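The following paragraphs lead the reader through the structure shown below.

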Amino acid sequence: MIRGFSADQVRAAEAPLLDVGEPLMLRAAHSLAGHVREQLCGGAIGNAPPTQRVLVLAGSGANGGDGLHAAAILRRDGITADALLTAETCHAEGADVLREAGGTLHCLAELTARPGHALEGLLGSSDLVLDAILGIGGRPEVPGHLRRLLEHLRRAGTPVIAVDLPSFLDASTGEAAQLALPARTTVTFGAVKAGLLLPGGSDLAGDLHLVDLGLGPHLPSRALVERLEDEDVRRLWPRAGRDDSKYTRGVVAIAAGSTRYPGAAVLACSGAARAGAGMVRCLAPAPVLDLVLRARPEVLGHPVEDGGVDLADIGRTQALVVGPGLPGDDARARSCIDALREDGQGPHRGVIDAGGLDALDASDAFGADVVLTPHRGEAQRLARRLDIDPELAAAPLARALAEATGATVLMKGAVTVIAPPDPEAPLLAQDDATGYLATAGTGDVLAGILGTLLAAGLPGPRAAALAAVLHGRAGRAASHDGLVPLVALDVAERVPEVLATILTGTEHHSEASEGER
Ligand SMILES: NC(=O)C1=CN([C@@H]2O[C@H](COP(=O)(O)OP(=O)(O)OC[C@H]3O[C@@H](n4cnc5c(N)ncnc54)[C@H](O)[C@@H]3O)[C@@H](O)[C@H]2O)[C@@H](O)CC1
Ligand SMILES: Nc1ncnc2c1ncn2[C@@H]1O[C@H](COP(=O)(O)OP(=O)(O)O)[C@@H](O)[C@H]1O
Ligand SMILES: [K+]
């Protein structure tokens, strides 16, 4: 599990170590230099020094200090590293050691004041840029005098290593300036910053490397944001045992599909079946059931007429999924929502998606094992009805919706954000997907996968995060790692193979979870 902390939490954890004189900056700089060497020449000192040139963009604070110290260390290892000072002042000690090591400190103000293209010349001769303009003290606004620099680097596509975090990113919220430089790699110090996991920051960070500075014992026990990794999937995934029956493994009932959107029922049932439900029931009009059963003969069909459903009639059900392909005024939406409500007849675990979300009103209150799965547009519509500011960013919007409804909220997007209803509990943020998942019907598959995990008895927030991992990775597999388009049914069909890969531990291990947890 990767755990993300706010800037204040990190500062508070650093304080006792700094008080006893721990050389945190030097440790950070040595690790950073090691990563740079790794990128340039496979790591080992003593290899022939590369001809590539490293340029550190150094801001005024300690983040700039990290970069300047790292450049000095690189110079001592025979790698050409210089600095471009982006502010009027810079970290004095870092500047001194870089000069002593033979490095040049260029000044951005001077270069841009010169006629001609001195700045572009310097940038053009750099093979790797270390972004040490701002760290955890950074605000997500780019001052005017830095625009030319950032625009040029973005256009040129020079590889960037972010020092601690990409500059102009809020370390706690993930809010980022539009011109912030996307990094190939982020080398982050002491603890992963929450903003690196959330939308905005996660889009910029690239591969995450956590450098252990000994902060572990001083960090709070509760992180602000968590991210599941493969080892967590292995730990949490419900396995079938010798004593299991289809009922103990979990029965999921899916109220989905309508004359207008019949295929949504096929997709949701396929997601649920492929994720390993003991039994999938489908609650839909007869023509929709025909379609579902042709595609998925293992599904049990429960025909519904114009009225709602009486869940007492359909037999044992541990989780209920309502909404894929339903118009908001479909009678199934209201009757399933009523069953899922805290004061309803149960089951009190399930998924409210799509048309089900449009049927929610301010009086509906749920527990954490009911998961709402809106995309941004659905979340905003619901927010308006619940008197919540619809313009909030994804994470605070998910938090506000979870607090207002008592449910867990899974907010879809490139980064999927999951807010448990307990405001003190960490958010979960999964970034496993590909843009090719942005195609009609993939959300229906997600609702089915999630329904199965809830039917197996997993708590709402955990089930939601696991479903997001599986769905995102199945999307990646179906699109050949983001290379070719996919269709929604492919995503359901790839779930078993992706799960097998994760459960056998044959790929994917993040360095961000090493060291401190
Ligand atoms: N505290 C420590 O001992 C350690 C800190 N380390 C480094 O120190 C960094 C934090 O350093 P600082 O607290 O000096 O902060 P920064 O280096 O992030 O920021 C420094 C200054 O930039 C200004 N600033 C903020 N946003 C701006 C913007 N949008 N435009 C222009 N100026 C802006 C701030 O007012 C602040 O004075 C960490 O991210 C990490 O890289 C590491 O060396 C590890 C140890
Ligand atoms: N740009 C993107 N990158 C990665 N995943 C995305 C992106 N856009 C959407 N997704 C994912 O695709 C799915 C789309 O769901 P949804 O919008 O409900 O589609 P539908 O209602 O058509 O089924 C969600 O799981 C979402 O997280
Ligand atoms: K930085």
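**Domain, sheet and ligand shells**

Over residues 229–502 the chain is 43% helix and 14% strand, and the end C-alpha atoms are 9 Å apart. Helices (H or I, at least four residues) and strands (E, at least two) are DSSP runs, numbered from the N terminus. An unreviewed UniProt entry lists residues 229–502 as "domain: YjeF C-terminal"; UniProt positions follow the numbering used here, feature names are shortened, and annotations may be inferred rather than shown by experiment.

The model is predicted: local features need pLDDT of at least 70, side-chain atom pairs count only at pLDDT 80 or more, and totals for chains, interfaces and linings use all residues. Residues are numbered from 1 along each chain as its sequence is written, while chains are lettered from A and ligands numbered from 1 in the order in which they are written.

An open sheet of twelve strands runs in the order S8-S1-S10-S19-S18-S17-S16-S15-S14-S11-S12-S13, with mixed pairing; two strands pair if DSSP finds at least two bridges between them. At the edges stand S8 (192–193) and S13 (300–303), each pairing on one side only. Within the sheet, S16 (residues 370–372) and S17 (residues 408–411) pair in the parallel sense over two bridges, and Leu372 stands opposite Val409 in S17.

Helix H16 (residues 394–405) lies across S16, S17, S18 (416–419) and S19 (427–430), running at about 150° to S17. Axes here are lines fitted to C-alpha atoms, for helices over the stretch in contact, and angles run from 0 to 180 degrees between N-to-C directions.

Strand S18 contains Ile418. Is this residue buried or exposed? Ile418 counts as buried because it has 29 C-beta neighbours inside 10 Å; the cut-off for buried is 20 or more other C-beta atoms within 10 Å, for exposed 12 or fewer, with partly exposed in between, and C-beta atoms are placed from the backbone. Leaving aside residues up to four places away in sequence, Ile418 touches Thr408, Leu410, Leu427, Leu428, Pro461, Ala464 and Ala465, contact being C-beta atoms, placed from the backbone, within 7 Å.

Around ligand 2 there are 18 residues, of which Lys412, Ala414, Ala433, Ala438 and Gly443 come nearest; a residue is near a molecule if its C-beta atom, placed from the backbone, lies within 6 Å of it. Helix H17 (residues 442–455) gives the largest share of this shell around ligand 2, four residues.

Around ligand 1 there are 24 residues, and Gly61, Ala62, Asn63, Gly135 and Gly137 come nearest. Helices H1 (7–19), H2 (24–41) and H3 (62–76) are the elements that give two or more residues to this shell.

Terms used:
Two residues are in contact if their C-beta atoms, placed from the backbone, lie within 7 Å.
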